[in-house]
Protein chains: 2
Amino acid sequence: MIILLGGNGYVGGAYREYLQRSGLDFISPGRRELDCANVDQLTDFLRNNAAEFLINAAGYTGKPNVDACEENKADCLLGNALLPGIVGKACAAAEIPWGHVSSGCLYGGRRSDGAGFTEEDPPNFSFRQNNCSFYSGCKALGEEVLENAPRCYIWRLRIPFDEKDGARNYLTKLMRYEKLLDVENSLSHLGEFVHATLQCWQKKLSFGTYNMTNPGSVTTREVVKLIRESGIKQWEPSYFESEADFMKIAAKTPRSSCVLNSAKIIEAGISLTPVKDAIRDSLKNWQPEV
Amino acid sequence: MIILLGGNGYVGGAYREYLQRSGLDFISPGRRELDCANVDQLTDFLRNNAAEFLINAAGYTGKPNVDACEENKADCLLGNALLPGIVGKACAAAEIPWGHVSSGCLYGGRRSDGAGFTEEDPPNFSFRQNNCSFYSGCKALGEEVLENAPRCYIWRLRIPFDEKDGARNYLTKLMRYEKLLDVENSLSHLGEFVHATLQCWQKKLSFGTYNMTNPGSVTTREVVKLIRESGIKQWEPSYFESEADFMKIAAKTPRSSCVLNSAKIIEAGISLTPVKDAIRDSLKNWQPEV
């Protein structure tokens with residue numbers, strides 16, 4: 001039995017679908033059934049349901065975007081910094097392995113040698129660097145709390161997208177904004193992410209942290225070009241002159257734009273489509289929102 | 001009716017005693033009666049008990065000392081960073097004023113102009129400076145979460161001491177260590193702190209942050225001298241050569257040593273005894289642990 005926390009969220013919904021399609025037994029308790037911030041309740045729930053594995057897809061991301069976390073710091077702290085530690089304690093008490101959906105937003109830019117960040121590189125976009133959004137700071141603390149957690153996977157998702165048009169899909173977001181910030185990023189195809197994370201458990205990969213982004217990186221302009229080439233939307237967005245300009249006009253808190261190195265998961269035998277191909281595929285199979 | 005959270009702790013015990021002695025009505029719910037990390041439960045509790053004021057003396061300090069917070073990051077985050085935000089939400093929902101026992105440990109040293117830190121100075125010993133203990137980082141986040149909390153006092157306690165010999169009393173701690181780190185600090189006499197914080201509410205002082213330390217500062221060597229002069233203990237402690245030496249031999253995480261300026265509370269009409277006099281008084285009235 002797999003326990004899925006956060007099953008009503010965007011990422012959790014993708015897990016739900018995948019688990020159903022795969023015929024894997026799972027339960028995704030709602031907030032009324034389980035206060036997953038209560039370590040004793042969660043431990044009992046795991047034991048009572050003979051849990052074998054837990055997926056923590058619960059978190060607080062802020063709506064419509066990460067700026068909302070600046071206004072809701074307590075919720076952001078609870079969902080992103082504290083909850084992973086509570087889940088870790090419950091899973092240790094119930095003696096089960098588990099996986100935590102973390103984020104690649106702990107980084108900004110590229111490494112000084114020009115490469116993408118590996119799992120060995122300490123976060124450079126965090127409270128400890130005093131340069132980050134409250135969201136990124138909390139996500140980094142959440143990973144820090146899990147430093148010594150036994151039998152735990154930390155899966156770093158980064159800017160999810162897929163073929164389903166919708167407010168949380170990066171491709172949809174780009175199409176809905178008139179003015180964009182041109183930055184370079186690694187991205188995660190949500191379906192591939194979900195599949196790859198479950199493979200970690202099923203193939204008994206070593207516990208620890210994995211950058212779960214599709215290999216490579218893209219700039220905003222490149223993604224816009226791919227969208228235009230797909231024929232889904234023809235538009236000529238304008239661009240902010242600079243990040244400073246974007247911060248001044250459109251944002252409350254800095255965004256993490258970063259390139260991650262996902263060689264560790266690839267070398268462990270889990271395949272992920274190169275990012276530009278994954279974007280092309282999503283656009284080819286595009287399912288417009290009704 | 002006053003609600004006291006954390007009534008079983010060291011600081012909470014001093015509140016309990018003071019409230020009893022003053023004949024003020026209060027309840028201090030234990031963990032079995034109330035999960036104060038659950039905002040709905042806490043809000044209901046406040047409403048059901050016709051609460052007029054709340055004191056949050058709950059927190060996680062680590063035993064025997066702050067090093068324990070490095071090993072128990074989830075508990076430290078919950079007690080010190082998250083809980084204040086949850087309490088703030090519940091008090092806002094129940095429409096009552098409240099006070100949070102924070103800490104002066106958000107600072108290190110003195111201001112660059114040589115003065116003590118005022119409430120206007122941003123913390124310089126916090127995650128955002130990447131120089132702090134996990135405890136100090138969490139305490140600073142706890143204050144950050146309360147930035148916009150309505151009708152909230154933030155009371156900064158710093159290294160509590162009083163006349164009651166005991167493991168949590170700074171004077172006792174010094175007497176029990178063979179080797180000390182000579183640093184300069186502001187300190188809080190616990191009884192005076194408790195009295196002064198309640199005066200904030202009773203005298204309807206403006207909400208906001210108050211450094212609640214006895215005016216002035218002392219070095220470790222000066223406190224040792226005062227103890228020797230009192231006749232309570234004659235010993236010749238040795239001293240670490242430097243903070244680096246202390247960190248290497250005796251500590252896991254850096255200590256905040258700092259001088260605070262408590263002029264704001266004094267100017268608001270609440271008196272606090274100058275720190276050296278307060279230490280002398282405590283030693284004069286010393287009650288040895290049995």
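Is Ile159(B) buried or exposed in this predicted model? Ile159(B) counts as buried, because 21 other C-beta atoms lie within 10 Å. By the criterion applied here, a residue is buried if 20 or more other C-beta atoms lie within 10 Å of its own, exposed if 12 or fewer, and partly exposed in between, with C-beta atoms placed from the backbone. Residues are numbered from 1 along each chain as its sequence is written, and chains are lettered from A and ligands numbered from 1 in the order in which they are written. As the model is predicted, local features need pLDDT of at least 70 and side-chain atom pairs count only at pLDDT 80 or more, while totals for chains, interfaces and linings use all residues.

The model has an ipTM of 0.73 and a pTM of 0.84. For chain A the mean pLDDT is 94, and 100% of the residues reach 70 or more; pLDDT is the predictor's confidence in each residue, from 0 to 100.

Ile159(B) sits in the loop between strand S5 (152-157) and strand S6 (160-161) of chain B. Helices (H or I, at least four residues) and strands (E, at least two) are DSSP runs, numbered from the N terminus. When residues up to four places away in sequence are left out, Ile159(B) touches Tyr170(B), Asn185(B), Leu187(B) and Ser188(B), a contact being a pair of residues whose C-beta atoms, placed from the backbone, lie within 7 Å. The C-alpha atom of Ile159(B) is 7.7 Å from that of Ser186(B), 27 residues apart along the chain. The phi of Ile159(B) is positive, near 50°, in a residue other than glycine. Most residues other than glycine have a negative phi, and most peptide bonds are trans. In chain A, Arg151(A) likewise is not a glycine and has a positive phi, of about 50°. Arg151(A) is located in the loop between helix H5 (134-145) and strand S5 (152-157) of chain A, and counts as partly exposed because it has 14 C-beta neighbours inside 10 Å.

One joins Lys63(A) and Pro64(A), with omega about 5°, and Pro64(A) belongs to the loop between strand S3 (53-56) and helix H3 (68-71) of chain A. In chain B a cis bond joins Lys63(B) and Pro64(B), again with omega about 5°; Pro64(B) is in the loop between strand S3 (53-56) and helix H3 (68-71) of chain B.

Helix H8 of chain B spans residues 220-230, and its buried residues are Thr220(B), Val223(B), Val224(B) and Ile227(B). These lie on the same side of H8(B) because they cover an arc of only 100° around the axis, the arc being that of the directions from the helix axis to the C-beta atoms. Lys225(B) and Glu229(B), on the other side of H8(B), are exposed. The buried residues pack against helix H6 (170-176), strand S7 (179-180), strand S11 (218-219) and helix H11 (275-284) of chain B. Gly231(B), with a positive phi near 85°, follows H8(B).

The axes of H8(B) and H11(B) are 10 Å apart and the helices pack at an angle of about 35°; axes are lines fitted to C-alpha atoms, for helices over the stretch in contact, and angles run from 0 to 180 degrees between N-to-C directions. The contact involves Val223(B), Leu226(B), Ile227(B) and Ser230(B) of H8(B), and Lys276(B), Ile279(B), Arg280(B), Leu283(B) and Lys284(B) of H11(B). These residues comprise five nonpolar, one polar and three charged. Ala, Val, Leu, Ile, Met, Phe, Trp, Tyr, Cys and Pro count as nonpolar, Asp, Glu, Lys and Arg as charged, and the others, Gly among them, as polar.

Between the chains, 19 residues of chain B are in contact with 19 residues of chain A. Helix H4 (73-93) and helix H5 (134-145) of chain B each supply at least two residues of the side that touches chain A, and the largest share, nine residues, comes from H4(B). This side of chain B has 10 nonpolar, four polar and five charged residues. The axes of H4(A) (residues 73-93) and H4(B) come within 10 Å and cross at roughly 145°. Residues of this contact include Leu77(A), Leu78(A) and Ala81(A) of H4(A) and Leu77(B), Leu78(B) and Ala81(B) of H4(B). By class, the contact of the two helices has 12 nonpolar, two polar and four charged residues.

Terms used: Two residues are in contact if their C-beta atoms, placed from the backbone, lie within 7 Å.
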